[in-house]
Amino acid sequence: MDGTREIVDPSHVGLALAILMGVGVVATFGLVLAVRRSGSAASRKAAIFAAALIPGYPMWVVYNAIEDALGLDSVAALLLNLVLFLAVGVAGGLLGRRFWPEELDQPPSRQERQVTE
């Protein structure tokens, strides 16, 4: 075995992330249709989680472009990727919170607890 061989081939990682992104797009589309039909809070929650798969591949491409341009051991690349991933994470969190169903956050009322007991 060659000692300089990479453990994981970057093209395989890119392919896996592209497939996950495709699955995320299809799942999000299907779940959004289910939410529009039924208005289910659980379907809305699932759609938010499915949508979280979508930015994986574009982020991988941008990460690799930054690393290729600035170098793998560059502090500038590290800081640029940190800022980029923080910005995308915060934006995703704010969007996710915006569409999160409110009824899932509420504890059951006293009457609901008495009915189930």
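Where is L53 found?

Tutor: You'll find L53 in the loop between α2 (41-51) and α3; helices here are DSSP runs of H or I, at least four residues, and strands are runs of E, at least two, numbered from the N terminus. Before going further, please keep in mind that this is a predicted model: local features need pLDDT of at least 70, side-chain atom pairs count only at pLDDT 80 or more, and totals for chains, interfaces and linings use all residues. Residues are numbered from 1 along each chain as its sequence is written, and side-chain values use heavy atoms, leaving out hydrogens and water.

With a relative accessibility of 35%, L53 counts as partly exposed (buried means under 20% relative accessible area, exposed over 50%, partly exposed in between, with a 1.4 Å probe and protein chains only).

W60 sits in helix α3, which covers residues 56-70, and W60 is partly exposed because its relative accessibility is 22%. Leaving aside neighbours within four places in sequence, W60 is in contact with P10, V13, G14 and L17 (contact means heavy atoms within 4.5 Å). Of these, V13 is 47 residues away along the chain, yet the C-alpha atoms of V13 and W60 are separated by 8.8 Å.

Aromatic rings come next. The chain has 2 aromatic pairs, where rings of Phe, Tyr and Trp (its six-membered ring) pair if their centres lie within 6.5 Å, with planes under 30 degrees apart called stacked, over 60 edge-to-face and the rest tilted. F49 and W100 are edge-to-face because their ring planes stand at 90°, with the centres 5.9 Å apart. That pair links distant parts of the chain, since F49 is in helix α2 and W100 is in the loop between α4 and α5 (110-116), 51 residues apart. F49 is exposed at 52% relative accessibility, whereas W100 is buried at 19%. W60 and Y63 are stacked, because their ring planes meet at 25° and the centres are 6.3 Å apart. These two residues are 3 residues apart in helix α3, so about one helical turn separates them. Y63 is partly exposed, at 29% relative accessibility.

Beyond its neighbours within four places in sequence, N81 is in contact with Y63, I66 and E67. The side chains of N81 and E67 are joined by a polar contact of 2.8 Å. N81 is buried because its relative accessible area is 6%.

Finally, a wider view. The chain has 5 helices and 0 strands, and buried residues make up 15% of its 117 residues.

Definitions and conventions:
Polar contact = N/O pair within 3.5 Å; in protein donor to acceptor, adjacent residues only side chain to side chain.
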